[in-house]
Amino acid sequence: MEKNQFTVLRGGLLDSAATSRKEFVSAYITNTRLMGVLGMYMHFKLPDNLVQRDLHQFFYFDAEEYGFETYHSVLGENRTRIFEIENSLIGGLGGKKIPLTEKQAQYLLQEYAEFNRAHNIPLPEGLSEYEFLLNEKATLSEPELYILMQKQCVRPENAYESINYFLMRIFGRDFKAAAFLSDRDILLDVFPEYDAGTFCKNTIEPTDAPNTFLCQSLVEFRNSYYIVLTEITLSGLTVCSFERNSIMKISPIEAAMLLSRSEFVTVYEMLEEPDSFSSETTPKAMTAMVTPHDTGKLYMIFHSDNKHVARKEYRLNEDVLGMYFVSDAGQVIAAAYTLEDIYLLEKDLAGSTISKSLIPTQRYEFQEPVLYEFIQSTMDRFETFVDIIQNNPGDEI
């Protein structure tokens with residue numbers, strides 16, 4: 001009697017993101033290079049797979065210090081997971097998604113991978129999934145490189161925006177992007193003694209000279225703060241002259257005073273369990289960056305654009321619309337830096353899926369931000385924290 005013969009069929013569980021054949025579908029880059037960071041997405045079809053026939057790749061690039069910093073992928077069509085990754089990586093960048101060709105996307109990935117190699121920074125995990133994009137060198141002509149830079153950069157709409165973006169790139173030592181905003185013959189590296197710094201605040205004042213502006217910047221270099229004075233002249237919206245006037249170190253207390261601003265807080269009691277609040281609870285929570293803490297979860301909500309860069313006075317954190325902190329003790333704490341924004345958050349919560357379970361108990365206006373202090377204090381209830389800081393001003397929590 002002959003033995004039964006079986007044919008072995010490969011199942012979908014053996015599908016791989018590292019399959020040999022990949023067919024390019026689409027790609028995009030955020031036009032946020034002038035902010036110093038970029039999010040890139042690539043989509044490939046995997047014809048050799050039986051079930052999971054799509055590969056969605058997400059890349060996060062830092063043009064100042066960290067290069068190719070983060071990589072995530074989704075095998076298949078898990079739309080919820082795709083949305084979560086996209087939101088966490090690029091939701092707070094405030095840019096638009098600009099389509100890329102496969103060659104352009106490959107060039108960008110190789111550019112930042114080379115940055116990592118030059119700075120001794122390891123590539124993110126998942127190399128087997130994106131290594132095929134590094135194997136064959138992508139080359140672009142000068143006109144093609146200019147087009148690619150245009151896709152990465154938003155076009156400034158006024159003089160303040162040009163100046164703030166230019167200085168942001170200068171202090172971040174991202175001279176390639178700074179050059180995109182300036183004439184070719186001006187010197188960019190006028191602070192060679194400093195590493196890449198954080199552009200915390202800037203005030204722009206016109207001078208008597210035509211199209212010339214004096215800038216007073218608060219910059220953080222390696223945990224030290226400096227007041228930097230520079231002079232910039234524009235031709236249209238292009239920087240045609242750039243001079244270093246002075247730089248002065250100040251104390252952290254002086255820097256804190258310069259950065260101080262009001263914070264508006266509304267506290268709610270939840271009748272439901274804290275877990276009932278999620279990214280799907282309100283429209284603004286859906287776009288928030290979520291960070292877990294010891295006593296709850298923080299939902300950071302960003303403005304949909306970077307229009308704060310176009311102001312005469314620029315502040316680093318003005319891209320934040322507001323925050324929700326959902327505490328394990330059953331409180332939702334909404335915080336924002338302006339009355340207009342706190343009203344938007346209150347309206348957002350009023351239209352949430354758990355609005356009937358939220359009871360507003362208190363509204364506060366603080367002369368300086370306190371929500372982060374409360375989160376770091378690990379206290380359970382916000383009103384207890386407020387009592388302590390009111391009765392013990394100046395004491396550490």
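Let me start with helix α5, which gives the most to the lining of the second largest pocket, namely 7 residues. Helices here are DSSP runs of H or I with at least four residues, strands are runs of E with at least two, and both are numbered from the N terminus. What you see is a predicted model, in which local features need pLDDT of at least 70 and side-chain atom pairs count only at pLDDT 80 or more, while totals for chains, interfaces and linings use all residues. Residues are numbered from 1 along each chain as its sequence is written, and side-chain values use heavy atoms, with hydrogens and water left out.

A pocket, on a 1 Å grid over the protein atoms alone, is an open set of points where a 1.4 Å probe fits, with protein on both sides within 12 Å along at least five of seven lines, and its lining residues have an atom within 4 Å of a point. The volume is the space filled by probe spheres set on the points.

The second largest pocket has a volume of about 780 Å³, and among its 27 lining residues Tyr-146, Met-149, Ala-179, Phe-180 and Leu-181 lie nearest the centre. Two or more lining residues come from each of α2 (102-118), α5 (142-152) and α7 (175-180).

The largest pocket holds about 1,500 Å³ of space, and of the 44 residues that line it, Thr-198, Cys-200, Leu-316, Asn-317 and Asp-319 lie nearest its centre.

Leaving aside residues up to four places away in sequence, Pro-124 touches Phe-68, Glu-69, Thr-70, Tyr-71 and Tyr-130, a contact being heavy atoms within 4.5 Å.

Finally, consider strand β8 (residues 224-235), which is mostly covered, with 9 of its 12 residues buried. Strands pair if DSSP finds at least two bridges between them, and β8 pairs in the antiparallel sense with β7 (residues 212-221) over 10 bridges, and likewise antiparallel with β9 (residues 238-250) over 11 bridges. Ser-217 has Val-228 of β8 as its bridge partner, whereas Tyr-225 stands opposite Ile-250 in β9. The hairpin of β7 and β8 has 2 residues between the strands, and Arg-222 in the turn has a positive phi of about 50°; in the hairpin of β8 and β9, also with 2 residues between the strands, Gly-236 takes a positive phi near 70°.

How values were computed:
Buried means under 20% relative accessible area, exposed over 50%, partly exposed in between (1.4 Å probe, protein chains only).
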